[in-house]
Amino acid sequence: NLTNYLDRRPGQLSGGQRQRVAIGRAIVRKPKVFLFDEPLSNLDAALRGTMRLEISELHHQLATTMVYVTHDQVEAMTMADKIVVLNAGNIEQVGSPLELYHHPRNLFVAGFIGSPKMNFMATEVAEATGSTATVALPGGDRISVPIGVNTLRTGAKVTLGVRPEHLRAADGADAVIPGRVSVVERLGGETFAYVGDPGTDMVVVQTEGDSPVRVGDEIRIGLDAATCHLFDGDGRAVERSARHPLADPARSAPS
């Protein structure tokens, strides 16, 4: 997208145009490894989306390793074969995008991957067995989350996590959270309802784009135990008894 600017001097190009020149200059040198350090940060939203596709296509054409640094988790999720999540210089987790999305290792990864981020609810273990941990929910209900080796004890402080798209109507759900809608965001294809009091950790619910939900509505949110995550008092994920099939690294790796 630089054809119309070929007669310009470098100083006459915008920051985004210079960024694209730099990418092209790197490509024609045919390196063994590309290092991209936030290459799309100076571009507008529309061009950023286009360039994500262009770079992904170049990756397949050139068959060259690309190390891509970004703070944009959407870029990481849509472009990466493997993601390394860094926090204050420490590696929090390494894996495929779906591996990190469905099986985050800790609270930091769970909150970073996904937009909107995963809902977190501070709670405690009401009952622990060999294969489940039952925790209390806002509103008084309880939910029994299937887990692997149970290292939790009754009364232990934990965090329950659930993604906005996994919340649904209360009918037939394993547990229910009642609440009042404070904010509604309509994006066309989907609608996000924020349930709870402003200034608190509101629960975000993803619904259909034409959902009739309105600010002030009293609603009942349904949770399914199979889609819930538990994190212990140190923020580490409690292993679940069943893995999501799409999160298998062997299935999500490129052919």
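## Basis of the model

The model is predicted: local features need pLDDT of at least 70, side-chain atom pairs count only at pLDDT 80 or more, and totals for chains, interfaces and linings use all residues. Residues are numbered from 1 along each chain as its sequence is written, and side-chain values use heavy atoms, with hydrogens and water left out.

## The chain as a whole

The chain holds 6 helices and 14 strands. Helices (H or I, at least four residues) and strands (E, at least two) are DSSP runs, numbered from the N terminus. The C-alpha trace spans about 70 × 40 × 30 Å along its principal axes.

Of the 255 residues, 36% are buried. Buried means under 20% relative accessible area, exposed over 50%, and partly exposed in between (1.4 Å probe, protein chains only). The chain exposes about 14,700 Å². Carbon and sulfur atoms supply 50% of that area. Accessible areas come from the Shrake-Rupley method with a 1.4 Å probe; for residues, only the protein chains shown count as cover.

Contact means heavy atoms within 4.5 Å. Among contacts with a separation of 6 or more, 57% join residues 24 or more positions apart.

Charge comes to 26 positive and 30 negative side chains. Lys and Arg count as positive, Asp and Glu as negative; His and the chain ends are not counted. The centres of the two sets lie 8 Å apart. Each charge is placed at NZ of Lys, CZ of Arg, CG of Asp or CD of Glu.

## The open sheet

An open sheet is built from 5 strands in the order S9-S13-S10-S11-S12. Its pairing is antiparallel. Two strands pair if DSSP finds at least two bridges between them. S9 (168–169) and S12 (203–208) are the edge strands, and each pairs on one side only.

S11 (residues 190–195) and S12 are antiparallel and share 6 bridges.

Leu223 has a relative accessible area of 0%, so it counts as buried. Beyond its neighbours within four places in sequence, its contacts include Leu137, Ile143, Leu160, Val162 and Cys228. The C-alpha of Ala45, 178 residues away along the chain, is 34 Å from that of Leu223.

## Strand S8 and its partners

Strand S8 covers residues 157–162. It is largely enclosed by the rest of the structure because 5 of its 6 residues are buried. S5 (residues 119–128) runs antiparallel to S8, with 6 bridges between them. S14 (residues 229–231) also pairs with S8 in the antiparallel sense, over 3 bridges.

Thr159 of S8 bridges to Ala122. Thr159 also has Phe231 of S14 as a bridge partner.

Ala110 sits in helix H5 (residues 107–112). It is buried, with a relative accessible area of 0%. Leaving aside neighbours within four places in sequence, Ala110 touches Pro104, Met118, Phe120, Arg163 and Phe231. Its C-alpha is 28 Å from that of Arg214, 104 residues apart along the chain.

Pro116 lies in the loop between H5 and S5. The peptide bond from Ser115 to Pro116 is cis, with omega about -5°.

Most residues other than glycine have a negative phi, and most peptide bonds are trans. Ala63 has a positive phi, near 50°. It lies in the loop between H2 and S2. Ala63 counts as exposed, at 71% relative accessibility. Ala88 also has a positive phi, of about 55°. Its loop joins S3 (83–87) and S4 (90–95). Ala88 is exposed, with a relative accessible area of 76%.

Thr64 lies in the loop between helix H2 (45–62) and strand S2 (65–69). Thr64 is buried, at 12% relative accessible area. A polar atom of its side chain lies 3.1 Å from the backbone oxygen of Leu62. Leaving aside neighbours within four places in sequence, Thr64 contacts Pro31, Lys32, Val33, Phe34 and His59.

How values were computed:
Polar contact = N/O pair within 3.5 Å; in protein donor to acceptor, adjacent residues only side chain to side chain.
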